[in-house]
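This report describes one structure, shown below.

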Amino acid sequence: MPKRILTGKVVSNKMTKTSVLLVERHPAHPLYKKVQSKRKKFKFHDEQEMCQEGDIVRIIECRPLSKEKHYRLLDIINRAAK
């Protein structure tokens with residue numbers, strides 16, 4: 001089974017070696033076809049603590065690292081302006 005890869009914006013990096021990613025989707029309603037906005041936050045492992053708030057990053061699914069952490073940092077796509 002392939003591992004999930006998600007792309008989104010880092011909204012928090014206040015924890016040690018952990019950051020929070022906000023993923024936004026825009027699916028159409030199955031019956032009415034109106035485009036909806038859905039958001040979900042994912043905690044991911046950032047070993048070198050490279051991510052800053054506002055960065056656009058890609059994360060990949062991995063084994064459970066803690067109760068809520070099941071992803072790790074794959075790469076940073078775009079750095080936030082300082």
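## Surroundings of R4

Apart from its neighbours within four places in sequence, R4 contacts F42, I59, I60, E61 and Y71, where contact means heavy atoms within 4.5 Å. R4 lies in the segment before β1 (5-15); strands are DSSP runs of E, at least two residues long, numbered from the N terminus. With a relative accessible area of 43%, R4 is partly exposed, a class between buried (under 20%) and exposed (over 50%), using a 1.4 Å probe and protein chains only. The C-alpha atoms of R4 and D55 are separated by 20 Å, and the two residues are 51 apart along the chain.

## Basis of the model

The model is predicted: local features need pLDDT of at least 70 and side-chain atom pairs count only at pLDDT 80 or more, while totals for chains, interfaces and linings use all residues. Residues are numbered from 1 along each chain as its sequence is written, and side-chain values use heavy atoms, leaving out hydrogens and water.

## Strand pairing

Strands β2 (residues 18-25) and β3 (residues 38-45) run antiparallel and are joined by 8 bridges; pairing requires at least two bridges found by DSSP. Within this pair, L22 has K41 of β3 as its bridge partner.

Strand β3 also runs parallel to β5 (residues 69-78), with 3 bridges between them. Here H45 stands opposite R72 in β5.

## Nonpolar core

The largest nonpolar core has 11 residues, among them L6, L21, F42, I59 and Y71. Such a core is a set of buried Ala, Val, Leu, Ile, Met, Phe, Trp, Tyr and Cys residues joined through side-chain atoms within 4.5 Å. At least two residues of this core come from each of β1, β2, β3, β4 (56-61) and β5.

How values were computed. Helix = DSSP H or I, 4+ residues; strand = E, 2+ residues; numbered from the N terminus.
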